[in-house]
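Have the sequence and the 3D view open while reading.

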Amino acid sequence: MSFSSLRQEIAAVAARMIAEDGLDYSTAKRKAVRQLVGKGALPKGDVLPDNDEIESEVREYQALFMGDTQPARLNRLRRVALSVMELLDRFQPYLVGPVWNGTAGEHSDIALQCFADSSKEVEIFLINQGIQYEVGERPDFRGRGKVEALYFMWKGEGVMLSIYDDLALRGALKPGADGRVERGDARAVSRLLDEAEDVQGGMA
């Protein structure tokens, strides 16, 4: 098998694991490599697909095998995300990850990033709202290790809320290396929902 075909096969297997089992990209990539190559060393060369390649395969897989369920699931998650973002409005919440980019599936949680003076301020707010949460960590999008994250349920869906200080917001709004916007505020999420309704209306 050539490097290019092995790379594509790894991306396809990883994408299936992400779509079917809800694995994160890193775990799915590792499992795909073990499944295809075994425990031995990878052949030399740039054989591992990047996340953009895997995301493209996820979209193809969902279109082929989940076309009758994934759009409704995505719409549900975005509506719940918008609801919790409106609740957290004072902390400048942004939607990121699969629910934002449109690849969310059955096992996906809602990933949010907020920008506040302190994490304690957010925790006190959730307590006052009667929301039980667990404290953990999430990768810092700036590549600076980990940031504090709060995990809780909202309207039956899991929410992962990463907390940043206000200074991080400027960098957060810059497009990614591929020019795509990597996060959206409540207005942007609302536009995505309106666009989905327009598409469904056009297909009716």
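The model is a predicted one, and every value below is computed from it. Asp117 sits in the loop that runs between strand 2 and helix 6. Its relative accessible area is 63%, so Asp117 counts as exposed, the cut-off for that class being over 50%.

Arg30, Lys31, Arg34 and Lys39 gather on the surface as a patch of positive charge. Arg30 belongs to helix 2, which covers residues 25-37. With 45% relative accessibility, Arg30 is classed as partly exposed, because that class lies between the limits of 20% and 50%.

Now turn to the interior. In soluble globular proteins, nonpolar side chains tend to be buried together. Here the largest nonpolar core has 31 residues. Which of the core residues touch the most other members? They are Leu88, Leu95, Ile110, Leu112, Val122 and Phe152. The elements that contribute two or more residues to this core include four helices: helix 4 (70-87), helix 5 (97-101), helix 6 (119-128) and helix 8 (186-203). Strand 2 (110-115), strand 4 (146-154) and strand 5 (157-164) also give two or more residues each. Helix 4 supplies the largest share, with seven residues.

The salt bridges come next; a search of the whole structure finds 10 of them. One of these joins the side chains of Arg7 and Glu53, with an N to O distance of 2.4 Å. Arg7 is in helix 1 (residues 3-21) and Glu53 is in helix 3 (residues 51-65), so this pair ties together parts of the chain that are 46 residues apart in sequence. The two partners fall into separate accessibility classes: Arg7 is buried at 17% relative accessibility, whereas Glu53 is partly exposed at 29%.

A second salt bridge connects Glu157 and Arg73, whose closest N and O atoms are 2.8 Å apart. Glu157 lies in strand 5 and Arg73 in helix 4, so that distant parts of the chain, 84 residues apart, are linked by the pair. How accessible is Glu157? Glu157 has a relative accessible area of 8% and is therefore buried. Arg73 also counts as buried, at 18% relative accessibility.

Lys120 pairs with Glu123, and their closest N and O atoms are 3.8 Å apart. Why do these two residues lie about one helical turn from each other? Lys120 and Glu123 are three residues apart in helix 6, and because of that spacing about one helical turn separates them. Glu123 is buried, its relative accessible area being 9%.

Salt bridges can also be followed through a group of residues: Asp52, Glu55, Arg59 and Arg180 are linked in a network.

Finally, look at Asn51, which lies in helix 3. At 41% relative accessibility, Asn51 is partly exposed. Between Asn51 and Ala116 there are 29 Å in space, taken from C-alpha to C-alpha, and the two residues are 65 residues apart in sequence.

Methods
Residues numbered from 1 in each chain as written. Predicted model: local features only at pLDDT ≥ 70, side-chain atom pairs only at ≥ 80, totals over all residues. Heavy atoms only, no water. Patch = residues over 30% accessible without salt bridge, like charges linked within 9 Å, V, L, I, M, F, W, Y side chains within 5 Å. Areas by Shrake-Rupley, 256 points an atom, 1.4 Å probe, with all protein chains shown as cover. Salt bridge = Lys/Arg side-chain N within 4 Å of Asp/Glu carboxyl O. Lys, Arg positive; Asp, Glu negative; His and termini not counted. Charge placed at Lys NZ, Arg CZ, Asp CG, Glu CD. Buried < 20%, exposed > 50% of the residue type's maximum accessible area, 1.4 Å probe, protein only. Core = buried A, V, L, I, M, F, W, Y, C linked by side-chain atoms within 4.5 Å.
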